[in-house]
Amino acid sequence: LPYNVSSQLFIQFLQVPQISNMTLMYQKEVGEKTYMRQNAKNQSNSLLSLSRVYTQSKLVAKVHPGAFHPPPKVESVVVSYWRKSDPAVKLEEFQELERFLRGLFSFKRKQLGSVLKSFSQGKKLAQSLQQTGFNLQVRAESLSLDEILEAYKVFKQLV
């Protein structure tokens, strides 16, 4: 993929139900945001969450600059994706989920309680999540996919 638009293309590809599998090459820093890396802490982000909701993914290869002529100044990764037949969030809700995730991960260094204030109905959302046992003092990047999806469900009920 052209490295300057790879995230946007990936998001577009995820929305095409006819794409059952794909293998893409990215700039390393972008590609690593789309698959689970072993032993990586606090790796949750909006791209990874979308990827995990709609696909199963696997790192295929790391590609060093010397594999190209002329060599770029960045490393690359090749990642394969297989569409899930029954995703946790229906494809019809993709854009709503994406907006929620962008908001959730928009302030990486802030605690969840502070981030939720930027949402419409943010105060109600924070209260509802707290009632379900959510710790609002963690950062979004440390949430599991199940916790992210639970927060999305609560968000959907309020809007």
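Contact, as I use the word here, means heavy atoms within 4.5 Å.

**Setting up.** I am working from a predicted model, in which local features need pLDDT of at least 70 and side-chain atom pairs count only at pLDDT 80 or more, while totals for chains, interfaces and linings use all residues. I number residues from 1 along each chain as its sequence is written, and my side-chain values use heavy atoms, with hydrogens and water left out.

**Leu-129.** I looked up this residue and found it in helix H6. Helices (H or I, at least four residues) and strands (E, at least two) are DSSP runs, numbered from the N terminus. I noted a relative accessible area of 1% for Leu-129, so it is buried. Buried means under 20% relative accessible area, exposed over 50%, and partly exposed in between, with a 1.4 Å probe and protein chains only. Not counting residues up to four places away in sequence, Leu-129 touches Leu-116, Phe-134, Leu-136, Ala-151 and Val-154. I also checked Glu-150: it is 21 residues from Leu-129 in sequence, and the two are 8.6 Å apart in space, C-alpha to C-alpha.

**Helix H6.** I then listed the buried residues of H6 (residues 122-131), which are Gly-122, Leu-125, Ala-126, Ser-128 and Leu-129. They sit on the same side of H6 because they cover an arc of only 165° around the axis; the arc is that of the directions from the helix axis to the C-beta atoms. On the other side of H6, I found Lys-123, Gln-130 and Gln-131 exposed. The buried residues pack against helix H5 (112-116) and helix H7 (145-158). After H6 comes Gly-133, with a positive phi near 100°.

**The core.** Which residues touch the most other members of the largest nonpolar core? I found Leu-104 and Leu-116, in a core of 40 residues. A nonpolar core is a set of buried Ala, Val, Leu, Ile, Met, Phe, Trp, Tyr and Cys residues joined through side-chain atoms within 4.5 Å. H7 gives the most to this core, with seven residues. Leaving aside neighbours within four places in sequence, I see Leu-116 in contact with Leu-104, Gly-122, Leu-125, Ala-126, Leu-129 and Leu-136.

**Helix H3.** I counted eight of the nine residues of H3 as buried, so to speak mostly covered. What covers them includes H1, strand E2 (55-63), E3, H4 and H7.

I looked for cavities and pockets on a 1 Å grid over the protein atoms alone: a cavity is a set of points where a 1.4 Å probe fits but cannot get out, a pocket is an open set with protein on both sides within 12 Å along at least five of seven lines, and lining residues have an atom within 4 Å of a point. The structure holds one cavity of 30 Å³ or more. Ile-19, Ser-20, Asn-21, Met-22, Thr-55, Tyr-81, Trp-82 and Arg-83 line the largest cavity. Strand E3 supplies the largest share of that lining, three residues.

The largest pocket holds about 340 Å³ of space, a volume being the space filled by probe spheres set on the points, with grid points joined across faces, edges and corners. I noted 17 lining residues, of which Lys-33, Ser-44, Asn-45, Ser-46 and Lys-108 lie nearest the centre of the pocket.
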